[in-house]
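This report is written for someone meeting the structure below for the first time. Please look over the sequence and the model before reading on.

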Amino acid sequence: MATCSSFAEIIENDFLNCNICLEKYRNPKYLPCHHTYCEECLRKLVPHKTKVFQCPECRQEVTLNEGGISNLKTNFFINSLLNILPLNETIGKMCSVCPSKGQHDRPAVTQCFDCPSFMCQLCTDDHLSIPSQHQHKVLRLSDTSCDAEIHVRKKIYCAAHPKKEGGYFCRPCNASICDTCLVNSHSRHEALSMSKAAESSTPAVRELVGKLSTKVQSLTRSQDDLNAALEKLKAAERSIESKMVDAVAQVQSALFKQRDDIRKKMSDFVKQQEALYETAKADLQRQTKSAESTRDYSERVLRAGQNGSIVCLEKILGEQVRTLLAYQPPSMKEDIPKLVVTKDYMSQMDLFRIELGQEAAMQKIPPVPDQAPEHWQEFARFSSPELPPVQSPYENVAGNWLRPARRCNFTTECYAECNSKLTGVSMLNNGDIIVADEANGILKCYSIDGDFRRQIAIGDTGKDPCSVAVCGDLIACTAESKLYFLDYDGDRVRQLLLRGSESSYPITAYEDQYVVVSEGSMCSLSLYGLDGQVVDRVKPQGYQGIRFLFVAVSSQENFIVSDIGKKCLVIFRRNEDVINICDEIWMQGVPRSLNPFGVCVDSYDDIYVGEPGCIISFSPEGIFKQEVLASLDGINMPRALTVDEDDNLIVTQTDGEVYVFELSTETNEGTSEDDWEW
């Protein structure tokens with residue numbers, strides 16, 4: 001339940017604070033539309049001698065008479081609330097009885113609502129000891145912060161005579177009045193006794209209390225929901241930590257098993273070869289010993305000069321020599337085992353992935369299989385891997401994918417600017433890059449190597465460009481709910497009001513014919529010609545989307561859109577037939593959900609999609625191909641993408657950095673070897 005102090009705070013926040021200065025009302029004036037503001041705030045808002053102005057909240061026109069702001073009606077109801085509920089007035093109060101006794105002031109600890117007076121503890125005891133005051137309502141200030149209870153019990157005094165109790169209520173003035181005012185200044189006004197006025201106001205007060213109770217219940221439920229969500233978040237953290245520990249343990253176990261298998265294979269191989277070497281060595285030693293003994297005997301015979309022995313020795317030596325010449329030592333293979341380790345195995349181990357991006361939603365971590373995937377088993381082996389051929393226009397003669405080479409990267413932040421927030425990118429006809437910097441409200445132009453050229457403002461103060469595309473000789477950009485066409489000098493040619501009320505409208509261009517506008521939650525595209533006319537409106541047939549964001553169009557007039565609500569890529573034709581819907585990809589044998597953001601196509605109609613930490617590619621039909629760039633290439637949070645005529649991939653990132661990669665380059669030839677040999 002709400003405490004009385006929270007009730008008083010609700011009264012203060014909802015009824016007693018001016019929506020201009022956000023402080024308690026000072027001389028509140030209410031407008032014909034029934035909105036109330038401080039008189040001084042209205043004076044600051046409305047220029048001097050202005051006769052007509054708009055209400056700051058509802059925009060209804062207000063006409064002032066000769067007296068100006070001061071002649072607007074005073075809101076006596078607000079004044080009464082201010083008098084009844086002077087919040088926190090009890091803080092720092094001093095005893096009001098001590099001075100009458102000639103004593104020094106002491107801090108008040110209680111309040112009597114029948115006297116009324118603030119009292120210290122000593123005066124409170126004396127006050128309650130008097131028989132006639134036993135029934136007085138005395139509350140301890142330290143025991144309660146219940147402002148509502150304190151102030152409801154206060155007497156309502158006459159607005160004109162603060163020391164007189166207001167026994168009547170003047171309806172036209174909406175104020176408490178005393179009997180003197182009743183017969184004088186308010187004699188011609190409709191006045192009710194306080195009891196009848198209270199009886200008349202009770203239903204409205206009950207209704208307001210009911211609304212407050214409903215709101216309090218709603219706020220309480222919201223707090224419970226927040227607590228439940230926080231606990232769910234912490235549980236998810238614990239679950240993710242546990243899953244990662246288990247996954248790492250399984251990976252470690254798989255790697256250690258591979259290591260032990262390699263050790264055993266190597267040990268068995270060495271033992272086998274060692275046995276063969278020992279056999280061959282023993283045979284060689286036997287032959288050598290036989291030859292040496294025959295040689296030594298022959299030398300002794302020659303030294304002794306025994307003729308008969310020398311004649312017989314010739315035949316014996318001849319047979320021995322022929323036997324030795326015929327003997328061939330066992331041939332031993334000189335192949336030495338080589339350990340081959342995959343060169344980029346660390347970048348291939350994309351085991352974990354968690355998304356906290358636009359929707360603050362976490363993607364599920366792919367489950368770790370019982371058996372280690374094949375690409376883990378290839379980390380250490382005795383033979384090179386057999387890589388499947390990659391079908392791509394960016395291949396060398398060996399058929400291997402040529403990883404894009406970084407041409408350059410540069411920052412778009414300029415001196416004395418806010419941090420850049422790049423929300424769109426396109427290519428000018430002269431080969432320069434043009435980016436939309438939403439944070440600074442301008443378009444910026446750079447050379448392909450990052451040299452700053454110039455900047456272009458769209459002309460409307462406060463209109464921040466969201467997206468940009470070049471179509472023919474015009475630059476198209478969106479800001480809020482408008483589409484602007486500018487010439488290359490930055491002069492506005494025309495502007496159009498877009499459908500819906502989306503926070504952003506990403507755009508792209510189809511050749512020099514029309515500009516494509518992505519229409520967010522409507523999950524549709526509008527095509528605008530350079531003359532500002534609507535060429536067509538298309539929506540994928542039968543597709544129930546949530547929110548379209550970035551869009552690209554191929555040379556075949558197929559549209560590629562990232563639906564950030566459903567976290568998928570939608571590909572459909574101009575006739576609205578859906579070609580493919582991609583919401584999951586497989587990388588290294590592990591499935592994971594797609595989280596697309598920026599999209600673009602190259603000259604071969606291959607599709608490039610930005611995700612947190614990487615750029616991936618698809619075929620024109622939406623078949624996943626491979627990861628093109630990753631965090632090792634400097635890709636962290638890619639946003640808008642485009643490809644120029646020379647097959648340079650331009651990537652803008654949320655930190656204001658622009659990266660340029662060469663999709664096809666000769667420098668990659670000769671570097672397709674995937675393995676190091678140790």
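Where is the place of Asp-605? Asp-605 sits in the loop between β32 (599-601) and β33 (607-611), where strands, like helices, are DSSP runs numbered from the N terminus (helices being H or I of at least four residues, strands E of at least two).

## Basis of the model

This is a predicted model, in which local features need pLDDT of at least 70 and side-chain atom pairs count only at pLDDT 80 or more, while totals for chains, interfaces and linings use all residues. Residues are numbered from 1 along each chain as its sequence is written, and side-chain values use heavy atoms, with hydrogens and water left out.

## An annotated helical region

In an unreviewed entry, UniProt lists residues 216-246 as "coiled-coil region"; UniProt positions are given in the numbering used here, feature names are shortened, and annotations may be inferred rather than shown by experiment. In the model, the chain over residues 216-246 is 100% helix and 0% strand, with its end C-alpha atoms 45 Å apart.

A salt bridge (a side-chain nitrogen of Lys or Arg within 4 Å of a carboxyl oxygen of Asp or Glu) links the side chains of Glu-231 and Arg-238, at 3.2 Å from N to O. Glu-231 has 43% relative accessibility and counts as partly exposed, given that buried means under 20% relative accessible area, exposed means over 50%, and partly exposed lies in between (1.4 Å probe, protein chains only).

## Salt bridges between loops and strands

The whole structure holds 21 salt bridges. One of them joins Asp-633 to Arg-403, with the closest N and O atoms 3.0 Å apart. Asp-633 lies in the loop between β35 (624-630) and β36 (638-643) and Arg-403 in the loop between β12 (380-381) and β13 (405-411), so the pair ties together parts that are 230 residues apart in sequence. Asp-633 is buried at a relative accessible area of 14%, whereas Arg-403 is partly exposed at 35%.

Another salt bridge connects Asp-432 with Arg-453, whose closest N and O atoms are 3.3 Å apart. Because Asp-432 is in the loop between β14 (422-427) and β15 (433-437) and Arg-453 is in strand β17 (residues 452-456), this pair ties together parts that are 21 residues apart in sequence. Asp-432 is buried, with a relative accessible area of 10%, while Arg-453 counts as partly exposed at 47% relative accessibility. Elsewhere, salt bridges that share partners join Asp-536, Glu-557 and Arg-574 into one network.

Glu-502, in the loop between β21 (492-497) and β22 (507-510), is buried yet has no salt bridge, and the nearest side chain of opposite charge, Arg-547, is 4.5 Å away; here Lys and Arg count as positive and Asp and Glu as negative, with His and the chain ends not counted. The side chain of Glu-502 does make a polar contact of 2.5 Å with that of Ser-521. A polar contact is a pair of N or O atoms within 3.5 Å; within protein, one must be able to donate a hydrogen and the other to accept it, and residues adjacent in sequence count only if both atoms are side-chain atoms.

Glu-611, in strand β33, is buried at 1% relative accessibility, and its side chain makes a polar contact of 2.5 Å with the side chain of Arg-592. Asp-605 is also buried, with a relative accessible area of 9%, and has a positive phi of about 70° although it is not a glycine. Most residues other than glycine have a negative phi.

## Strand β37 and its partners

Strand β37 pairs with β36 in the antiparallel sense over 4 bridges, and 5 bridges join β37 to the antiparallel strand β38 (residues 657-662); two strands pair if DSSP finds at least two bridges between them. Val-643 stands opposite Leu-649 in β37, and Val-651 stands opposite Tyr-659 in β38. The hairpin of β36 and β37 has 4 residues between the strands, and Asp-647 in its turn has a positive phi of about 60°. In the hairpin of β37 and β38, with 3 residues between the strands, Gly-656 takes a positive phi near 90°.

Both faces of β37 are covered, with Asn-648, Ile-650 and Thr-652 buried on one side and Leu-649, Val-651 and Gln-653 buried on the other. In a regular strand the side chains alternate between the two faces of the sheet. Gln-653 has a relative accessible area of 1%, and its contacts (heavy atoms within 4.5 Å) beyond neighbours within four places in sequence include Leu-422, Gly-634 and Tyr-659.
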